[in-house]
There are 2 protein chains.
Amino acid sequence: MPDLSIDVVAKAAGVHRSTVSRAFSRPEAVKSETREHILRVAEGLGYTMSPLAQALRKKTSTFIPLIVPDITNPFFAELAKTMTQAADERGYQLLLCVTNGDPAKTEGYFIAMQAMYAPFGIVAPSTKVDTAALKRFDFGHKVVVIDRVEGDDAVPTVTVDSRRGIMLALDHLHALGHTSIGYVSGIAGTHTAQDRMDAYLELSAESGSAPVVLDSGSDLDAGTRGAEHFLEMEKPPTAIIAANDMVAFAVISALGKSGVRVPEDVSVIGFDGLALGARFNPPLTTIRQPIADMGHIAIELAEKQNIDGSVDHIVLEPELLVRASTSGPRK
Amino acid sequence: MPDLSIDVVAKAAGVHRSTVSRAFSRPEAVKSETREHILRVAEGLGYTMSPLAQALRKKTSTFIPLIVPDITNPFFAELAKTMTQAADERGYQLLLCVTNGDPAKTEGYFIAMQAMYAPFGIVAPSTKVDTAALKRFDFGHKVVVIDRVEGDDAVPTVTVDSRRGIMLALDHLHALGHTSIGYVSGIAGTHTAQDRMDAYLELSAESGSAPVVLDSGSDLDAGTRGAEHFLEMEKPPTAIIAANDMVAFAVISALGKSGVRVPEDVSVIGFDGLALGARFNPPLTTIRQPIADMGHIAIELAEKQNIDGSVDHIVLEPELLVRASTSGPRK
DNA sequence: ACTGTTATTGCAACCGATCTCAGCAACCGA
DNA sequence: TCGGTTGCTGAGATCGGTTGCAATAACAGT
């Protein structure tokens with residue numbers, strides 16, 4: 001196909017380049033007859049505007065970086081999925097950026113996103129977000145963060161209510177008859193992980209039962225270590241709350257290796273609501289985060305901020321998702 | 001920061017725009033003194049070239065679309081992970097494109113990739129790749145496919161040896177003492193899935209045992225249905241080969257719900273070697289595909305083709321990864 | 001009929017590079 | 001000393017659009 005530029009469309013439609021441009025990007029500025037004619041001609045030629053040329057001139061592209069620590073983690077994968085959808089509904093393209101938790105890489109992505117005129121970016125942090133770094137890149141490109149940010153700053157965020165989630169888990173377990181409930185901490189040093197832990201500590205205390213933190217590590221092996229710790233206890237808790245589904249999986253897996261059954265011997269509840277959990281053995285009871293909503297909202301927030309400069313902090317409600325990894329405590 | 005264009009660097013270095021350009025993209029064409037001076041000045045200013053402008057002019061960008069059916073599937077997630085790495089080692093940015101198996105979307109991405117001058121794209125198919133569609137977009141943009149393609153065409157591919165993988169699984173199971181081995185088919189109608197199934201059928205026959213296909217469906221519930229089928233049999237096989245890890249998970253989960261234990265009651269082996277499998281309950285024995293290699297190779301193949309026009313078909317060797325979901329048959 | 005909007009469209013500069021062509025200096029052998 | 005490379009750099013067109021400004025057309029009101 002002969003290179004299709006705006007000029008060939010213009011010629012074909014018998015108008016000037018600029019008119020074609022307007023027909024596409026500022027329809028109201030062109031007489032409707034003309035516009036329709038142009039559009040028809042363009043359609044016939046199979047013409048589309050070059051996003052690159054547009055970006056160069058307008059100094060704002062449709063590339064939006066999605067910065068995640070690890071796309072292999074199903075939570076981020078699910079996030080990515082809903083975000084791509086939300087993105088191309090609005091004509092954006094998602095750039096997949098994985099940092100492996102390396103702040104240097106993150107900064108690298110920031111400068112890259114600047115270079116390609118990204119209108120904004122989405123950051124799903126693995127560690128507490130470096131507000132300073134964000135400020136340093138206050139080049140007009142906005143960022144929305146899927147986590148709480150230190151000091152509720154100028155950066156929009158979307159999170160779920162950690163405390164509420166933990167409360168849901170605790171209530172569920174209490175209702176089942178558990179009184180001794182352990183906790184295994186989450187993957188990373190995010191504020192979210194911190195919040196969940198704090199909530200567990202507080203709410204446990206309030207309900208009168210002593211908190212039992214099986215592991216407070218922040219790496220992928222927290223689950224395994226938590227299970228080990230559990231196995232060493234003379235009087236282990238009858239239920240375990242895992243800070244997220246992945247560690248719940250690890251806990252159950254590690255427990256299983258030692259012959260401890262879930263939920264017969266101990267109940268385990270996760271936090272995330274991953275689709276994967278439904279196919280785990282046993283299917284995982286968990287606190288569901290509305291991940292799909294989070295993706296859409298993140299993008300909406302970013303757009304909103306780009307338009308009216310508003311920065312919002314949305315906090316979503318989690319909900320209890322009962323599957324099969326919890327039951328009454330063993331008698 | 002004042003907009004940093006090539007001209008400001010040129011001015012600052014006291015040379016012409018074009019010289020700066022050469023200093024960056026064709027170093028040998030510039031006197032080394034001049035070049036170093038320019039580079040130093042640029043460095044000082046914190047200047048980087050605009051990928052957008054470059055792409056527009058050179059008609060070839062650094063955006064490379066990764067087209068997957070579902071990033072939520074850990075196989076694709078792992079692929080995406082290694083590809084992002086391989087990609088930004090070479091200065092590319094990965095565009096995440098998820099199709100949900102919709103051919104229309106795939107085509108959409110093809111035209112988009114054309115529009116932004118992608119030098120090539122990577123397709124991890126959910127269904128048999130539509131060679132016709134590929135040809136239709138023979139606009140000089142190359143594609144490499146992570147699957148076999150009908151008729152070993154002009155498109156480079158990277159796959160693993162399905163037959164060898166199935167053989168490994170079968171051998172492992174035979175060595176353990178199993179003689180009756182069932183099979184649950186894979187997620188999608190790819191050639192790869194087909195090849196695995198065919199290999200199972202053939203190799204089973206060769207070894208004298210009758211093949212038992214528990215489910216040949218191609219959706220996410222194949223595992224569940226396979227398990228149901230298994231439960232209904234009066235004389236079920238003592239081991240099951242799952243076409244991929246995800247269906248293995250589903251099989252084990254479904255079996256578990258009915259009180260069937262793995263590997264005590266039945267052995268299950270997967271195919272993929274997902275990291276997730278290590279944290280499954282029980283840890284999954286599986287045939288490992290060298291996913292990381294696949295990602296790198298895919299990109300290398302694409303680059304190679306772009307340079308010398310060669311189209312290769314790489315087939316990698318799978319390997320047996322013994323964890324805990326297989327054991328000798330129940331006596 | 002005349003002047004003052006208002007709606008449309010054309011013109012041309014510009015976004016930030018690349019690349020062909022041409023100019024110029026230094027160098028080489030005869 | 002002179003024509004013929006060779007090496008390096010500057011000019012300027014170009015990639016595919018956008019946009020402020022000017023020009024023209026159309027329409028009101030008086």
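Reply:
**The interface between chains A and B**

Chain B and chain A bury about 4,300 Å² between them, and carbon and sulfur atoms give 62% of this area (the accessible area, with a 1.4 Å probe, that two parts lose on being put together, summed over both). Leu52(B), Arg279(B) and Asn281(B) supply 17% of the area that chain B buries against chain A, more than any other three residues.

The model is a predicted one, in which local features need pLDDT of at least 70 and side-chain atom pairs pLDDT 80 or more, while totals for chains, interfaces and linings use all residues. Residues are numbered from 1 along each chain as its sequence is written, chains are lettered from A and ligands numbered from 1 in the order in which they are written, and side-chain values use heavy atoms, without hydrogens and water.

On each side of the interface, 52 residues take part: 52 of chain B are in contact with 52 of chain A (heavy atoms within 4.5 Å). Between chain B and chain A, 13 residue pairs are in polar contact, both residues being at pLDDT 80 or more (N or O atoms within 3.5 Å, one able to donate a hydrogen and the other to accept it, with sequence neighbours counted only if both atoms are side-chain atoms). There are also six salt bridges between chain B and chain A (a side-chain nitrogen of Lys or Arg within 4 Å of a carboxyl oxygen of Asp or Glu). One salt bridge is formed by Asp70(A) and Lys81(B), whose closest N and O atoms are 3.3 Å apart.

Which elements of chain B give two or more residues to the side that touches chain A? They are α4 (51-58), α5 (74-89), β2 (93-98), α6 (103-115) and α11 of chain B (DSSP runs numbered from the N terminus, with helices, H or I, of at least four residues and strands, E, of at least two). The most is given by α11(B), with seven residues. By kind, the residues on this side of chain B divide into 29 nonpolar, 12 polar and 11 charged (Ala, Val, Leu, Ile, Met, Phe, Trp, Tyr, Cys and Pro are nonpolar, Asp, Glu, Lys and Arg charged, and the others, including Gly, polar).

Strand β10(B), residues 285-288, runs antiparallel to β12(B), and three bridges join the two; Arg288(B) stands opposite Glu319(B) in β12(B).

Asn281(B), one of the three residues named above for the area they supply, is joined to Pro282(B) by a cis peptide bond with omega of about 0°. Pro282(B) lies in the loop between β9 and β10 of chain B. Most peptide bonds are trans.

Chain A also has a cis bond, from Val262(A) to Pro263(A), with omega near 5°, and Pro263(A) lies in the loop between α11 (245-257) and β9 of chain A. In chain A, too, six strands form an open, mixed sheet in the order β7-β6-β8-β9-β10-β12. Three bridges join β8(A), residues 239-242, to β9(A), residues 267-272, and these strands run parallel; Ala239(A) stands opposite Ser267(A) in β9(A).

Over all chains, the whole structure holds 26 salt bridges. Among them is that of Arg90(A) with Glu303(A), the closest N and O atoms being 2.8 Å apart. Arg90(A) lies in the loop between α5 (74-89) and β2 (93-98) of chain A and Glu303(A) in helix α12(A), residues 291-308, so the pair ties together parts 213 residues apart in sequence.

Definitions and conventions. Pairing = 2+ DSSP bridges.
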